[in-house]
Amino acid sequence: MITRLLVANRGEIARRIIATCRVLGVETVAVHSDADADAPFVAEADRAVRLPGNTPAETYLRIDLILAAARRSGADAVHPGYGFLAENADVAAAVTDAGLTWIGPSAKAIAAMGDKLAAKALLAEAGVPMLPTWTDPGQVTDFPVLVKASAGGGGRGMRIVRDADGLAEAVASAGREAASAFGDGTVFIERYVERGRHVEVQIVGDRHGSVLALGERDCSIQRRHQKIVEEAPAVLAPELRERLHAAAVAAGRAVDYVGAGTVEFLLAPDGDFHFLEMNTRLQVEHPVTEAVTGLDLVRLQLLVAEGEPLPLTVTPPVEGHAIEVRLCAEDPAQDFLPATGTLHRFAVPGVVGEFAPTRGLRLDSGVRDGSAVQVHYDSMLAKLVAWAPTRAEAARTLATALARAELHGVTTNRDLLVRVLRSREFGALEVDTGFLERHPEVFAPLLPPDEVPLVALAAALASAAARRAAAPVLAGLPSGWRNVPAFPQVAQFTGPDGEVEVRYRLDRDGALAEWSTSSEAAAPAVTLVEASPERVVLDVDGVRRAYRVHLVGAAVFVDGPDGAASLTELPRFPAPGAELAAGSLLAPLPGAVARVHVEVGRRVAAGDLLLTLEAMKLEHPVLAPTDGVVTELPVAAGGQVDTGAVLAVVTPIEEASS
């Protein structure tokens with residue numbers, strides 16, 4: 001019987017495990033890096049042990065530190081969550097050898113499935129369908145192909161290659177990324193199926209020989225080979241569902257699987273399916289399975305780890321439909337590079353439950369108001385899950401909650417997720433792994449460009465109301481009021497598309513007498529209904545619109561009926577700043593310089609690779625913006641850089657020679 005469980009993970013999955021343990025009466029121990037000392041999961045655990053350092057390699061990936069923390073805290077079991085050490089056979093063996101209960105499959109099963117090449121060979125013998133696979137790039141003649149990491153998942157180390165010319169570089173790049181993410185740079189090459197669907201089967205096994213399928217999930221909506229929208233059940237013909245479940249159970253039995261795991265398949269347009277990989281752990285998207293089955297998968301993990309038989313003998317019935325999105329700290333303006341910062345507000349309306357099977361809207365988050373999103377870890381902030389009787393209702397509920405959420409301080413992929421859920425194609429089940437590539441329209445922000453001036457007006461009025469409320473004298477006078485009208489008040493902001501200026505004047509009754517904008521679009525007729533530091537209501541051409549406003553210093557976060565915007569109010573008399581040299585390439589996010597491919601004086605062509613940044617487990621290439629000469633290179637391999645740091649300067653050839 002488990003009495004005290006150490007959670008060898010962080011963020012929302014640590015909170016998820018702690019929540020189930022609390023219900024079961026199991027005490028919990030958190031381990032945390034210095035960067036996570038004030039994180040919610042640390043506060044919610046019964047005990048916590050510090051792992052000195054910040055990066056995963058210094059902390060969460062240290063097996064010796066995890067075992068030492070278990071001994072120091074008196075834990076008798078270890079749950080790895082997902083990611084980090086979850087699929088590390090050495091960890092499973094070390095935990096078991098230390099006399100502790102490992103919440104997961106055996107080290108042997110993890111090792112068998114952890115090497116994807118070996119796993120494909122083993123499961124092919126068990127009759128599981130496979131795609132053509134190569135380990136030697138020289139043997140590949142049939143394109144397109146997908147280069148994949150043998151030792152990990154999550155999209156790391158994956159590259160689509162459509163012709164032979166790009167294969168060598170893709171293999172090398174994928175190997176470097178895999179080595180960085182998983183400590184193993186082994187890659188292989190697999191036939192790439194165009195317009196395939198990614199469908200996975202949830203399995204669970206016990207120590208008494210039972211392996212059971214608990215339903216399937218469709219995870220086809222992906223960006224950079226990483227899932228961003230998942231749903232259960234997958235929309236499949238009954239006969240195909242039965243065959244998928246049977247193949248997944250066969251895979252589990254082939255390795256005597258114990259615990260919760262996932263067998264992933266690719267469904268081809270012709271109806272055939274092929275094995276992709278087996279994840280020997282809990283999946284990020286497990287809440288959608290919990291929503292439609294009512295099962296707590298973490299509870300099942302703990303039961304089978306204690307030696308209990310599974311409490312069910314057949315695949316459970318599925319009720320309704322559930323959809324999950326991964327809300328990530330990413331910057332759409334920077335091609336969705338991971339973003340960092342402080343979450344000044346994180347609020348999602350309509351949530352009825354957290355970290356447990358829920359009918360309605362469920363939120364599993366690793367953050368709260370004031371949380372710092374740092375470069376050391378994965379960019380996922382939270383998972384939002386909607387259950388409803390039908391797929392259409394679940395999509396609508398989820399999209400509306402996302403659109404109305406207040407996400408202030410860190411840019412996110414929220415608008416992309418909402419547009420996917422509201423798209424005609426998603427509603428019509430026209431989904432596959434190439435969905436985003438075929439539908440660039442879903443990358444447009446929710447807030448239309450012509451609405452930005454109205455948002456800026458709301459921000460200006462709220463900011464003025466805040467100043468009036470804080471004024472020591474004459475606070476009751478309308479903002480900027482004069483006995484004889486002269487010039488309007490002017491407010492300037494930087495917004496999603498650059499600078500925007502609004503001019504406005506209030507009369508002696510506080511009504512909006514006039515307003516104008518620097519935007520090329522004509523300013524609509526606006527009547528001010530209400531203005532406070534937190535809320536502005538405008539009547540725009542006869543239709544009332546309410547804007548929620550959150551002021552944080554010069555930052556103004558506005559959530560309106562058409563979308564949200566983050567603005568920065570510019571000072572009236574800005575201090576002069578240093579001017580960057582023309583051709584400067586700036587770091588889009590904080591990270592480490594992994595490699596430098598050029599030197600000062602090198603002539604480069606537009607698109608040439610200059611250097612590579614490594615941040616949030618991914619490689620980010622920095623390319624030459626134009627033909628020219630590298631005239632400055634202030635960074636070196638291994639160095640750390642902050643957002644906005646100059647990485648290199650590329651000067652056009654004619655300027656460099658003058």
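Is Val 249 buried or exposed at 12% relative accessibility? In this predicted model, Val 249 counts as buried, because its relative accessibility of 12% falls below the 20% limit that defines the buried class. The residue belongs to helix α8, which spans residues 238-254. When neighbours within four places in sequence are set aside, the contacts of Val 249 are with Val 211, Leu 212 and Ala 213. Pro 332 lies 83 residues from Val 249 along the chain, and the C-alpha atoms of these two residues are separated by 40 Å.

The loop that connects strand β12 (226-232) with α8 contains Pro 233. The peptide bond leading from Ala 232 into Pro 233 is cis, with an omega near -5°. A cis peptide bond is also found from Phe 143 to Pro 144, where omega is near 5°. Pro 144 is located in the loop between β6 (133-134) and β7 (145-149).

Helix α4 (residues 89-97) and helix α5 (residues 107-114) cross at roughly 175°, and their axes come within 8 Å. The crossing angle therefore makes α4 roughly antiparallel to α5. On the α4 side, Ala 89, Ala 92 and Ala 93 meet Ala 107, Ile 110 and Ala 111 of α5.

Helix α11 (residues 391-404) packs against helix α12 (residues 414-422) at an angle of about 155°, with the axes 9 Å apart. Because this angle is over 145 degrees, α11 is classed as roughly antiparallel to α12. The crossing of α11 and α12 is left-handed. From α11, the contact involves Ala 395, Leu 398, Ala 399, Thr 400, Leu 402 and Ala 403. The residues contributed by α12 are Arg 414, Leu 417, Val 418, Leu 421 and Arg 422.

Helix α9 (residues 286-293) is mostly covered, with eight of its eight residues buried. Just after α9, Gly 294 adopts a positive phi of about 80°.

Positive phi values also occur in residues other than glycine. Phe 336 has a phi near 60° and lies in the loop between β16 (330-331) and β17 (337-338). With a relative accessibility of 6%, Phe 336 counts as buried. Leu 429, likewise not a glycine, has a positive phi of about 65° and is placed in the loop between α13 (424-427) and α14 (435-438). Leu 429 counts as partly exposed, at 39% relative accessibility.

An open sheet is formed by eight strands, arranged in the order β26-β25-β24-β31-β30-β29-β28-β27 with antiparallel pairing. Its edges are β26 (512-517) and β27 (526-531), each of which pairs on one side only. On average, and with direction ignored, neighbouring strands of this sheet are turned by 30° against each other. Within the sheet, strand β28 (residues 535-540) is joined by six bridges to strand β29 (residues 543-552), and the two run antiparallel. Arg 535 stands opposite Arg 548 of β29.

Strand β29 also carries His 550, which is buried, with a relative accessible area of 12%. The side chains of His 550 and His 408 are joined by a polar contact of 3.0 Å. Not counting residues up to four places away in sequence, His 550 touches His 344, Arg 345, His 408, Ala 555, Val 556 and Phe 557.

Strand β39 (residues 646-651) has five of its six residues buried, so this strand is largely enclosed by the rest of the structure. Strand β32 (residues 584-586) is connected to β39 by three bridges, and these strands run antiparallel. Leu 585 has Ala 648 of β39 as its bridge partner. Strand β37 (residues 628-632) also pairs with β39 in the antiparallel sense, over three bridges. In this pairing, Glu 632 stands opposite Val 649 of β39.

Notes. Residues numbered from 1 in each chain as written. Predicted model: local features only at pLDDT ≥ 70, side-chain atom pairs only at ≥ 80, totals over all residues. Heavy atoms only, no water. Pairing = 2+ DSSP bridges. Helix = DSSP H or I, 4+ residues; strand = E, 2+ residues; numbered from the N terminus. Axes fitted to C-alpha atoms, helices over the stretch in contact; angles between N-to-C directions. Buried < 20%, exposed > 50% of the residue type's maximum accessible area, 1.4 Å probe, protein only. Polar contact = N/O pair within 3.5 Å; in protein donor to acceptor, adjacent residues only side chain to side chain. Contact = heavy atoms within 4.5 Å. Parallel < 35°, antiparallel > 145°, perpendicular 65-115°, else oblique. Left-handed = near helix turned anticlockwise from the far one by under 90°.
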